[in-house]
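Welcome! Here is a short briefing for anyone opening this model for the first time. Take a look at the sequence and the fold, and then read on.

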Amino acid sequence: MSKITENEILKVAKLAKLSIDSNDLSKRVAEFNDILTHIEKLNELKLDDKSIIKETPHLDMFDDQSRPSNTIDQVLQNSPSAEKPFFYIPRVIEGGKS
Amino acid sequence: MSILEKSVLELSSMLKKKETTSVELTKTFLDRIAQTDSKIHAFLKVDEKKALEEATNADKNLNANSHPLAGIPIAIKDVILTNGINTTAGSKILENFIPTYDATVVTKLKNVGAVMIGKTNCDEFAMGSSNENSAYGPCHNPWDTSRVPGGSSGGSAAAVAARQAPVSLGTDTGGSIRQPAGLCGIVGLKPTYGRVSRFGVTAFASSLDQVGPFGKTVEDTSILFDAISGFDDRDSTSERKETIGVSTEYLKKDIKGLKIGVPKEYVNEKLSPEIRKNFDESLKKLESLGAKIENISLPHTDYAISCYYIVAPAEASSNLARYDGIRYTTRKGESAGLNEIYVQSRTAGFGKEVQRRILLGTFVLSAGYYDAYYKKALDVRAAIRKDFNDAFQKVDVIATPTSPCEAFKIGEKASNPMEMYLADVFTVATPLSGNPALSVPCGFLNNLPLGLQLIGKHFDEKTILNVAYKFEQETKFYQKAPAL
């Protein structure tokens, strides 16, 4: 598998909502490729044993009943900017009055 | 014997006979923390007032029928939510986070009258093997403070080893209970996946995370394990299984004839001669107790680290998307618009290792790479699970060393992420397979403790605890404490 490039890691960072300092970029790419080289060991494996059953996550089904949960005050309590009953964020639609 | 050295049952007996009170006991451990934690840094938060209030309540309610943990101080890893007490997960991004409810494990402990003495240091979001990834500074190994206590539950392990708390809770996603237990010379148990509720536990990798107990001895660990186990309808992966029960009589059962498997993929020429020598001595002890040692194979072992470092970061990248600067984190970049709030809050709030794993997880889940990495890792995970199921057709317990080396120096592996990941080489497979596993002290190398890992069948923690107890009573390594 090809090694990841600086542009690719910047694209991944954009998807992950992180920014990478340009001074740090080449080091991050090198570390990333070192890890990828190790995890690509999995490509050596040919898993054609049909007896390997894929895991299906255990899920317990519950009755759909309402029950006490966090109150609005509790939900907003740890927000850096909120006024009941809303979280405050900057305007996301362009134009209009701000 | 100092009160700090006493077992949970001994302390409980003293409380019930009114030879001491929970308030006195709690003060003793608070004093110990005050005297020693400048050297260890096991705790991120100690709320003395709250702990003494809980101890006062425990004293009021204590009677002959009280649970063995009633009135006993317990330290809690800082990824576990505690109502009204700052819970940071070792991260700057949750620096001011005050939970509005308790994790189920905390509720269960409060219900039996246990006293929460403090929140322990850990790698940020439980990502690490040395506790050096804590945003609040590293925790130090009580046996040698220039060395790591292991991670990610380093604070919980160090606190028990340093006699700052009789027992503690940690979490294990790739070895985060067993590895620090081994390096700190105490007992740590990762229960079967689904055995202990994850409700209220800061999520790292949801299909792997489990809460588990630490204790100086197997008996203490068993008592705490029983108290936190059981079905919880607020965790959809919780299983309806009978708990092991508060009585610890099963620990004393004879292990004659019990089959203990040694996987050739763990114990081979790659193992250091010193660790090999210690492991062989441990096997001889188990044989002398009547166990039969058998060679087994877990064929996909060599792929476990690779599989883990795809599955865990993938789940982490999704779980940590919630830290967005909007709901419960410090906000940065307000003036530059919504997207910049996300980017700047997360970049400033997450440490290097967490960012590395989020990037890795985002990469392996992204279009074009999903099949080659993530899907392949899920197939390998199923193969690893099958390896364990096949092995447990032949043996009752599997034994391996807990770690490939003794506690390493702080900073020794910090600059090389891949080298750090390999510290978990013996512990990552069991979270992938869901099996329970523990570490029990098995000797010393260069005056630093080593751990023996015992792996059990799904929901058969009793058998590994039984074997560990017999081993512990024979070897008595638990009686040695670090000089502080």
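Let us begin with one pair of strands: in chain B, β5 (residues 187-190) and β6 (residues 210-215) run antiparallel and are joined by 2 bridges. Within this pair, Val187(B) stands opposite Gly215(B) of β6(B). Please keep in mind that this is a predicted model; the predictor gives the complex an ipTM of 0.92 and a pTM of 0.97.

**The sheet of chain B**

- Strands of a sheet pair through backbone hydrogen bonds, and they can do so either parallel or antiparallel.
- In chain B, 11 strands make up an open sheet with mixed pairing.
- Reading across this sheet of chain B, the order is β1-β3-β2-β4-β6-β5-β10-β11-β9-β7-β8.
- The edges belong to β1 (43-45) and β8 (292-296) of chain B; each has a single partner strand, so one side of each is left without a neighbour in the sheet.
- From one strand to the next, the twist averages 35°.

**Helices lying across the strands**

- Helix α2 (residues 22-40) of chain B lies across β1, β2 (73-77) and β3 (115-120) of chain B.
- Helix α2 of chain B runs at about 15° to β3(B).
- Helix α15 (residues 461-475) of chain B lies across β5, β7 (259-263), β9 (397-401), β10 (437-445) and β11 of chain B.
- The angle between helix α15 of chain B and β10(B) is about 20°.

**Cavities**

- The structure holds 9 cavities of 30 Å³ or more, and the largest cavity has a volume of about 70 Å³.
- The largest cavity is lined by 13 residues, and those closest to its centre are Ile275(B), Thr402(B), Ser403(B), Leu450(B) and Gly451(B).
- Three elements of chain B, namely α6 (178-184), α8 (273-288) and β11 (448-456), each supply at least two residues of the lining of the largest cavity.
- Sorted by class, the lining of the largest cavity has 8 nonpolar residues, 5 polar residues and no charged residues.

**Backbone details worth a look**

- Most residues other than glycine have a negative phi, and most peptide bonds are trans.
- In chain A, the peptide bond from Lys84(A) to Pro85(A) is cis, with omega near 0°.
- You will find Pro85(A) in the loop between β1 and β2 (86-87) of chain A.
- In chain B, the peptide bond from Gly151(B) to Ser152(B) is cis, with omega near 5°.
- Ser152(B) sits in the loop between β3 and α5 (154-161) of chain B.
- Lys18(B), a residue other than glycine, has a positive phi, near 60°.
- Lys18(B) is placed in the loop between α1 (8-16) and α2 of chain B.

**How confident is the predictor?**

- Chain B averages a pLDDT of 96, and 100% of its residues score at least 70.
- Chain A averages a pLDDT of 85, and 81% of its residues score at least 70.
- Among the elements of chain A, helix α1 (residues 6-15) of chain A has the highest mean pLDDT (96) and strand β1 (residues 82-83) of chain A the lowest (92).
- Where pLDDT is low, the predicted coordinates should not be read in detail.

Terms used: Residues numbered from 1 in each chain as written. Chains lettered and ligands numbered in written order. Predicted model: local features only at pLDDT ≥ 70, side-chain atom pairs only at ≥ 80, totals over all residues. Heavy atoms only, no water. 1 Å grid on protein atoms, 1.4 Å probe; cavity = no way out; pocket = protein on both sides within 12 Å on 5 of 7 lines; lining within 4 Å. Points joined across faces, edges and corners; volume = space filled by probe spheres on them. Helix = DSSP H or I, 4+ residues; strand = E, 2+ residues; numbered from the N terminus. Nonpolar A, V, L, I, M, F, W, Y, C, P; charged D, E, K, R; others polar. Pairing = 2+ DSSP bridges. Axes fitted to C-alpha atoms, helices over the stretch in contact; angles between N-to-C directions. Contact = heavy atoms within 4.5 Å. pLDDT = per-residue confidence, 0-100.
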